[in-house]
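Q: I have a model open and want to learn how to read it feature by feature. Where shall we begin?

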Amino acid sequence: MNAENTGVTAQLNHRAGDFSLLFSSTPRGARLARLLAADQLRSWGLPSGTASQIVAELAANAATHGRLPGRSFRMTLALCGGTLRIEVTDTRGDRRPECQEPDPYAESGRGLLLVAALADRWGVSEDCFPRKIVWAELKLPAPEHGPPGSGDRDGQQT
């Protein structure tokens, strides 16, 4: 193992992976995306609260504003180093989301404000026409324990 692949980096790389599924552009599809994202994050040993909230907002936007009849949206979770990237791809590339102050009496319109507040970074990227990708990134907390076989037990060196 080289010097770049020790400690925290090695443990994050060990659990690095991608998870990607298509969902119907419906409220049910958005809920399912959130539930499956939380389940996948737990299986990777990661906290799911903040990431699940971001998935919920981006998936709801895809099902509401990025919807074309008969077209699905894709939710992707990607672990790379110390960062979790959440991507939601829909088929309305002509509709680019923007953060804006909602009417204080409106019942909706705050999703991207929540994403901006929760994520370390977020943005919109073009994909093959007619798709767009709305993405958010979260820096992951450092693992509490060293990688398997490192001699680190419960945070104590042996």
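Predicted model: local features only at pLDDT ≥ 70, side-chain atom pairs only at ≥ 80, totals over all residues.

Q: What volume does the largest pocket have, and which residues lie closest to its centre?

A: The space in the largest pocket is about 510 Å³. Its lining counts 25 residues, and N61, H65, P97, E98 and L112 are the closest to the centre.

Q: Which elements supply the lining of the largest pocket?

A: At least two residues each come from helix 3, strand 3, helix 4 (111-118) and strand 5 (132-139). Helix 3 gives the largest share, with five residues.

Q: Which residues of helix 3 are buried, and what covers them?

A: Buried here means under 20% relative accessible area. In helix 3 that list reads A51, S52, I54, V55, A56, E57, L58, A59, A62 and A63. The cover includes helix 2, strand 2, strand 3, helix 4 and strand 5.

Q: Now helix 2. How does its span compare with what 1.5 Å a residue predicts?

A: Helix 2 covers residues 27-43, which is 17 residues, so the span should be 24 Å. The end C-alpha atoms lie 25 Å apart, which agrees.

Q: Which residues of helix 2 are buried, and against what do they pack?

A: The buried ones are G29, A30, A33, A37, A38, Q40 and L41. They pack against strand 1 (18-24), helix 3 (49-64), strand 2 (72-80) and strand 3 (83-90). Two of them, A30 and A33, are among the contacts of A59.

Q: What should I look for after helix 2?

A: Check the backbone angles. G45 follows helix 2 and has a positive phi, near 75 degrees.

Q: Where is S48, and is it buried or exposed?

A: S48 is in the loop between helix 2 and helix 3. S48 counts as buried because its relative accessibility is 16%, and the cut-off is under 20%. Not counting residues up to four places away in sequence, S48 touches A38, L41 and R42.

Q: Next, the strands. How do I read their pairing?

A: Read direction and bridges together. Strand 1 and strand 2 run antiparallel, joined by seven bridges. Strand 2 and strand 3 also run antiparallel, and seven bridges join them.

Q: Which residues does R74 pair with on either side?

A: R74, in strand 2, is the bridge partner of L22. R74 also stands opposite T89 in strand 3.

Q: How many residues lie between strand 2 and strand 3 in their hairpin, and what phi does G81 take?

A: Two residues lie between the strands of that hairpin. G81 takes a positive phi there, near 60 degrees.

Conventions:
Residues numbered from 1 in each chain as written. Heavy atoms only, no water. Helix = DSSP H or I, 4+ residues; strand = E, 2+ residues; numbered from the N terminus. Expected span 1.5 Å × (residues − 1). Buried < 20%, exposed > 50% of the residue type's maximum accessible area, 1.4 Å probe, protein only. Contact = heavy atoms within 4.5 Å. 1 Å grid on protein atoms, 1.4 Å probe; cavity = no way out; pocket = protein on both sides within 12 Å on 5 of 7 lines; lining within 4 Å. Points joined across faces, edges and corners; volume = space filled by probe spheres on them. Pairing = 2+ DSSP bridges.
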